[in-house]
Amino acid sequence: QVQLVESGGGLVQAGGSLRLSCAASGRTVSRYAMGWFRQAAGEEREFVAAISDDGGSTYYADSVKGRFTISRDNAKNTVYLQMNSLKPGDTAVYYCAAGFGMMVITTPAYWGQGTQVTVSS
């Protein structure tokens, strides 16, 4: 089992920045690819970003490319999502996920509880 706990969400004005963190515990977390997803009210959950187990490869949804950066610190069992140039459309609950290779993008094995991000105009 892998436990994931997100933090860092909050209220920010459009154009601002936030950094989300995901603290992982349980099985050897460094063996898992990690991802961030988001779900806006009334919408389906969507993929945001993913990073390979060694941090060497990253993937982004087109909607966040150039604005968001995913990174990980395996020594701290933590994954980050740096979000810059935030827009009201980025408002959502953000979820951390862990999975086996890049299957984390389509079928994560583990989910966190989520953290709310609200961007005001």
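Throughout these legends, buried means under 20% relative accessible area, exposed means over 50%, and partly exposed lies in between, with a 1.4 Å probe and protein chains only. The model is predicted: local features need pLDDT of at least 70, side-chain atom pairs count only at pLDDT 80 or more, and totals for chains, interfaces and linings use all residues. Residues are numbered from 1 along each chain as its sequence is written, and side-chain values use heavy atoms, with hydrogens and water left out.

**View 1. The disulfide of Cys-22 and Cys-96.** A search of the whole structure finds one disulfide, the term standing for a pair of cysteine sulfur atoms within 2.5 Å. Cys-22 and Cys-96 form this link, with their sulfur atoms 2.1 Å apart. The angle about the S-S bond is -80°, and the link is left-handed. Cys-22 lies in strand S3 and Cys-96 in strand S9, so the pair ties together parts that are 74 residues apart in sequence. Both Cys-22 and Cys-96 are buried. Strands here are DSSP runs (E, at least two residues), numbered from the N terminus.

**View 2. The open sheet S1-S3-S8-S7.** Four strands form this open sheet, in the order S1-S3-S8-S7, and the pairing is antiparallel. The edge strands are S1 (2-7) and S7 (68-73), each of which pairs on one side only. Neighbouring strands of the sheet are turned by 15° against each other on average, direction ignored; the axes are lines fitted to C-alpha atoms, and angles run from 0 to 180 degrees between N-to-C directions. Two strands count as paired if DSSP finds at least two bridges between them. Strand S3 (residues 18-26) and strand S8 (residues 78-83) pair in the antiparallel sense over six bridges. In this pairing, Leu-20 stands opposite Leu-81 in S8. Strands of a sheet pair through backbone hydrogen bonds, either parallel or antiparallel.

**View 3. Strand S4 and its partners.** Six of the seven residues of S4 are buried, so this strand is largely enclosed by the rest of the structure. S4 and S9 pair in the antiparallel sense over seven bridges, and Arg-38 stands opposite Tyr-94 in S9. S4 also pairs with S5 in the antiparallel sense, over five bridges. Met-34 stands opposite Ile-51 in S5. S4 and S5 form a hairpin with six residues between them, and Gly-42 in the turn has a positive phi of about 80°.

**View 4. The largest nonpolar core.** A nonpolar core is a set of buried Ala, Val, Leu, Ile, Met, Phe, Trp, Tyr and Cys residues joined through side-chain atoms within 4.5 Å. The largest one has 35 residues, of which Leu-4, Met-34, Trp-36, Leu-81, Met-83 and Tyr-94 touch the most other members. The elements that give two or more residues to this core are S1, S3, S4 (33-39), S5 (46-51), S7, S8, S9 (92-99) and S11 (115-120).

**View 5. The aromatic pair of Tyr-32 and Tyr-110.** A search of the whole structure finds five aromatic pairs. Rings of Phe, Tyr and Trp (its six-membered ring) pair if their centres lie within 6.5 Å; planes under 30 degrees apart count as stacked, over 60 as edge-to-face and the rest as tilted. Tyr-32 and Tyr-110 form an edge-to-face pair, at 5.9 Å centre to centre and 85° between the planes. Tyr-32 lies in the loop between S3 and S4 and Tyr-110 in strand S10 (residues 110-111), so the pair ties together parts that are 78 residues apart in sequence. Tyr-32 counts as buried because its relative accessibility is 6%, and Tyr-110 counts as buried at 14%.

View 6. Tyr-95 and Trp-111 form an edge-to-face pair, 6.4 Å centre to centre with 90° between the planes. The pair links distant parts of the chain, Tyr-95 in strand S9 and Trp-111 in strand S10, 16 residues apart. Tyr-95 is buried at 13% relative accessibility, whereas Trp-111 is partly exposed at 33%. Phe-37, Phe-47, Tyr-95 and Trp-111 form one aromatic cluster. The charged end of Arg-45 sits over the ring of Tyr-95, 3.8 Å from its centre, and Arg-45 also lies over the face of Trp-111, at 4.3 Å from the ring centre. A charge sits over a ring if NZ of Lys or CZ of Arg is within 6 Å of the ring centre and within 35 degrees of the ring normal. The C-alpha atoms of Tyr-95 and Gln-116, 21 residues apart along the chain, are separated by 9.0 Å.
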